[in-house]
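The following note collects comments on the model, point by point. Please read it alongside the sequence and the coordinates.

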Amino acid sequence: METHEFWMREALREAESAHAEREVPVGAVVVYGREVIGRGHNQPIGRTDPTAHAEVLALREAAFRLGNYRLGACRVYVTIEPCAMCAGALLVARVSHLIFGARDAKAGASHLLTGSKIEVIEGVLEAESRSLIQRFFAERRGKEMEDRG
């Protein structure tokens with residue numbers, strides 16, 4: 001049987017896609033039963049869309065595939081703690097579970113789900129999720145230093 005780690009690895013693959021596209025490497029998958037029905041990775045730069053976060057894109061695909069915006073039987077796996085916009089989208093979609101890897105000290109808003117029916121599980125493959133995003137920002141800082149020097 002698949003574990004939270006199994007599905008989080010799928011989200012990490014999405015985050016790697018974002019990284020390859022020079023987007024902030026966050027990935028998400030929506031799981032219904034034992035099937036991924038929605039995938040997404042950050043694409044606000046590529047799509048010129050400030051709402052093109054991994055979670056939103058994955059929720060859109062899942063809702064389309066199910067033919068319903070209510071995703072009550074679905075679990076969402078995301079590499080980094082959702083921002084306020086994405087937490088709101090999870091609430092509106094009425095997902096059953098949010099499982100995320102690493103906290104986001106600046107923009108994380110999983111606390112907005114407190115008191116909702118969404119079960120929140122954090123820290124799944126936290127080190128891998130954190131490492132990917134730290135590597136991205138280190139590379140970005142290195143590039144900025146090269147451009148200045």
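1. Cys86 is buried, at a relative accessible area of 0%; buried denotes under 20% relative accessible area, exposed over 50%, and partly exposed the range in between, with a 1.4 Å probe and protein chains only. The model is predicted: local features require pLDDT of at least 70, side-chain atom pairs count only at pLDDT 80 or more, and totals for chains, interfaces and linings use all residues. Residues are numbered from 1 along each chain as its sequence is written, and side-chain values use heavy atoms, with hydrogens and water left out.

2. How many disulfides are there? The count is zero, a disulfide being a pair of cysteine sulfur atoms within 2.5 Å. The closest cysteine sulfur to that of Cys86 belongs to Cys83, and at 3.7 Å it is too far for a bond. For Cys74 the closest cysteine sulfur is that of Cys86, 16 Å away and likewise too far for a bond. Cys74 counts as buried, at 1% relative accessibility.

3. Helix H4 spans residues 84–93, and its buried residues include Cys86, Ala87, Leu90 and Ala93. Because these residues cover an arc of only 125° around the axis, they lie on the same side of H4; the arc is that of the directions from the helix axis to the C-beta atoms. Helices (H or I, at least four residues) and strands (E, at least two) are DSSP runs, numbered from the N terminus. The buried residues of H4 pack against helix H3 (54–66), strand E3 (74–80) and strand E4 (97–102). Arg94 follows H4 and has a positive phi, near 60°.

4. The largest nonpolar core has 24 residues, of which Val30, Leu59, Leu71, Leu90, Val95 and Leu98 touch the most other members. Such a core is a set of buried Ala, Val, Leu, Ile, Met, Phe, Trp, Tyr and Cys residues joined through side-chain atoms within 4.5 Å. Two or more residues come from each of strand E1 (27–32), H3, E3, H4 and E4, and H3 gives the most, with five. A second, separate core of 13 residues includes Val29, Val36, Ile99 and Val124.

5. Leaving aside neighbours within four places in sequence, Val95 is in contact with Leu59, Leu71, Gly72, Cys74, Val76, Leu90 and Ile118, where contact means heavy atoms within 4.5 Å.

6. Ser129 lies in helix H5 (residues 126–148) and, at 1% relative accessibility, counts as buried. A polar atom of the Ser129 side chain lies 3.3 Å from the backbone oxygen of Thr79. Thr79 is placed in strand E3 and is buried, with a relative accessible area of 1%. Beyond four places in sequence, the contacts of Thr79 include Met8, Pro25, Gly101 and Ser129, while those of Ser129 include Leu12, Thr79, Ala102 and Val124.

7. Two aromatic pairs are found in the whole structure. Phe6 and Trp7 are edge-to-face, 4.8 Å centre to centre with 85° between the planes. Rings of Phe, Tyr and Trp (its six-membered ring) pair if their centres lie within 6.5 Å; planes under 30 degrees apart are stacked, over 60 edge-to-face, and the rest tilted. Phe6 is partly exposed at 38%, whereas Trp7 is buried at 5%. Phe136 and Phe137 also form an edge-to-face pair, at 5.0 Å and 80°; Phe136 is buried at 6% and Phe137 partly exposed at 30%.

Technical notes:
A polar contact is a pair of N or O atoms within 3.5 Å; within protein, one must be able to donate a hydrogen and the other to accept it, and residues adjacent in sequence count only if both atoms are side-chain atoms.
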